[in-house]
Amino acid sequence: MESERIMKKIIVVDSGIDKTLLQSCPDLLLKNYTCEKYDMHGHGTASYSLINELTVDCEIKTIKVLNKYLECSTEILINALKFLQNVDCDIINMSLATTMEKDFEEIDSLCKIIHSQGKIIVSSLANSGEISYPAYSKYVIGVEGKALNNSLDYIYNNEGNIQFIADKTPVVV
């Protein structure tokens, strides 16, 4: 007997979705914490599109927290994490980070709650390479970009503060 596939639910927390994509699929945007309706930068759309291209049997939704300058306050990040506690999902992808130490404890506590619900959080380290959250939380898979030998190379270390290092060499077309 063939096992039944279970659709995974992924939430992308980023700068939202571009106008064309959102107009054709308005339910892609689960929540918006900014004054802009659409992705004005392209980062969130790119993250969504890449995950959508690489996954099978997944439902992907987005939460817009980053503005057109790819910025948000830690208050917005904390509110989004609180919101995610009540969202039915399996994986949360956050291509963002804060280096505001005063908020690390609260962010870590929220990540612990979300993790205890069986949800997987993946978050990037700050571009500066500084200690940043949510990536440094022990309840999160932290990701960092470094120049490696090949764009397909990666390093996985489940013992480190940052577990996954991928090549960040820019692609020039």
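Reader: What makes the Asn67 side chain and the backbone nitrogen of Tyr69 a polar contact?

Author: A polar atom of the Asn67 side chain lies 2.8 Å from the backbone nitrogen of Tyr69. A polar contact is a pair of N or O atoms within 3.5 Å; within protein, one must be able to donate a hydrogen and the other to accept it, and residues adjacent in sequence count only if both atoms are side-chain atoms. The model is predicted: local features need pLDDT of at least 70, side-chain atom pairs pLDDT 80 or more, while totals for chains, interfaces and linings use all residues. Numbering starts from 1 along each chain as its sequence is written, and side-chain values use heavy atoms, without hydrogens and water.

Reader: Which residues does Asn67 contact, leaving aside neighbours within four places in sequence?

Author: Ser15, Thr34 and Glu36. Contact means heavy atoms within 4.5 Å.

Reader: How do you know whether the chain agrees with a compact globule?

Author: By its radius of gyration, taken over C-alpha atoms; the globule rule is 2.2 Å times the number of residues to the power 0.38. For 173 residues that rule gives a value near 16 Å; the chain has 16 Å, so the two agree.

Reader: What share of the chain is called buried?

Author: Of its 173 residues, 38%. Buried means under 20% relative accessible area (1.4 Å probe, protein chains only).

Reader: What classes of residue make up the lining of the largest pocket?

Author: That lining has 21 nonpolar, 15 polar and 6 charged residues. Asp, Glu, Lys and Arg count as charged; Ala, Val, Leu, Ile, Met, Phe, Trp, Tyr, Cys and Pro as nonpolar; the others, Gly among them, as polar.

Definitions and conventions
Buried means under 20% relative accessible area, exposed over 50%, partly exposed in between (1.4 Å probe, protein chains only).
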